[in-house]
Amino acid sequence: MFEFLSTDLKKWMDRNGKGPAHPVPPATTKNLMYQLLKGVAHCHRHGVMHRDLKPQNLLVDDVSLTLKVADLGLGRAFSLPIKAYTHEVVTLWYRAPEVLLGGTHYSPAVDVWSVACIFAELVRKQALLPGDSELQQLLHIFKLLGTPDESVWPGVTGLRDWHEFPRWAPQDLHTVFPSLEPAGVDLMARMFEYDPARRISAADALEHEYFENMADRDAVDALESDAVRARWG
């Protein structure tokens, strides 16, 4: 039995006004991202990749703004060493480049890439990388983050669907996300690392300075919970 939540993140964003003219308050974005990363870190800690993270699969309570990760239909248990998996997963706009390039031995880092896309969508109030084919999706990514090579992503040219792509330089994410505080831009850049081995984990993202005050709130909540347990047993 699951609790009832009134809407999903996509509908919640649209209902509060579509597009950059109707931004999500920065504190709300931070709150939702912290909850999302806590849910993803919990999955990863228990050996599960979600593999289909997108706003439509994140449930939101309108009153409390509680966010829950839902729809684990493509979820997959993983263990080390990482096994080969199908690359036909994750809605295109939120799909990691290692999946788009035909990689089969991928890791929980694919979920972190999807979280970064959701983060960007919360900040911009529109999808960051709205490709309509796998090739166009890759080109959107390369135009934003620069075309990868072996120096930034060892092994990329050996992936099954690698080709000689046009060469683009990376854009300045501070310019792309002018309303996002510098710590948030830094976190997003770490989540958008091309090399999955270097991409920040969900657990480490929770410790990033962007969430400094959120971690303090968690500590207070934990102390209050301990006090309740001590009082009521």
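**Exercise 1.** At what angle do helix α2 and helix α4 pack, and how far apart are their axes? Determine the relative direction of the two helices and characterise their contact.

*Solution.* The model is a predicted one.

Step 1. Two packed helices are described by the angle between their axes and the distance between the axes. For α2 (residues 26–45) and α4 (residues 109–124), the angle is about 170° and the axes are 11 Å apart.

Step 2. Angles over 145 degrees count as roughly antiparallel; therefore α2 is roughly antiparallel to α4.

Step 3. From α2, the residues Thr29, Leu32, Met33, Leu36, Leu37, Val40 and His44 meet Asp111, Val115, Ile118, Phe119, Leu122 and Val123 of α4. Sorted by class, this contact of α2 with α4 comprises ten nonpolar, two polar and one charged residues.

**Exercise 2.** Classify the geometry of the ring pair Tyr34 and Phe211, and state where its two members lie in the chain.

*Solution.* 

Step 1. Nine aromatic pairs are present in the structure. A pair of aromatic rings is described by the distance of the centres and the angle of the planes.

Step 2. The ring centres of Tyr34 and Phe211 are 5.2 Å apart and the planes stand at 55°, so the pair is tilted.

Step 3. Tyr34 belongs to helix α2, whereas Phe211 lies in the loop between α8 (202–206) and α9 (212–232); the pair thus links distant parts of the chain, 177 residues apart.

Step 4. The cut-off for a buried residue is under 20% relative accessible area. Tyr34, with 5%, is therefore buried, and Phe211, with 0%, is buried as well.

**Exercise 3.** Which residues form one aromatic cluster, and over which ring does Lys30 lie?

*Solution.* 

Step 1. One aromatic cluster is formed by Trp113, Phe142, Trp153, Trp162, Phe165, Phe192 and Tyr194.

Step 2. Lys30 is placed over the face of Tyr210, at 4.7 Å from the ring centre.

**Exercise 4.** Which residues of helix α7 are buried, and against which helices do they pack?

*Solution.* 

Step 1. In α7 (residues 182–191), the buried residues are Ala183, Gly184, Val185, Leu187, Met188 and Met191.

Step 2. These buried residues pack against α2, α4, α6 (173–176) and α8.

**Exercise 5.** Describe the backbone and the burial of Arg51 and Leu65.

*Solution.* 

Step 1. Arg51 is not a glycine, yet has a positive phi of about 75°. Arg51 is located in the loop between β2 (48–49) and β3 (58–60) and, at 5% relative accessibility, counts as buried.

Step 2. Leu65, also not a glycine, has a positive phi of about 55°. Leu65 is found in the loop between β3 and β4 (67–69) and is buried, with a relative accessible area of 17%.

Methods: Residues numbered from 1 in each chain as written. Predicted model: local features only at pLDDT ≥ 70, side-chain atom pairs only at ≥ 80, totals over all residues. Heavy atoms only, no water. Axes fitted to C-alpha atoms, helices over the stretch in contact; angles between N-to-C directions. Helix = DSSP H or I, 4+ residues; strand = E, 2+ residues; numbered from the N terminus. Parallel < 35°, antiparallel > 145°, perpendicular 65-115°, else oblique. Contact = heavy atoms within 4.5 Å. Nonpolar A, V, L, I, M, F, W, Y, C, P; charged D, E, K, R; others polar. Phe/Tyr/Trp six-rings, centres within 6.5 Å; stacked < 30°, edge-to-face > 60°. Buried < 20%, exposed > 50% of the residue type's maximum accessible area, 1.4 Å probe, protein only. Lys NZ or Arg CZ within 6 Å of the ring centre and 35° of its normal.
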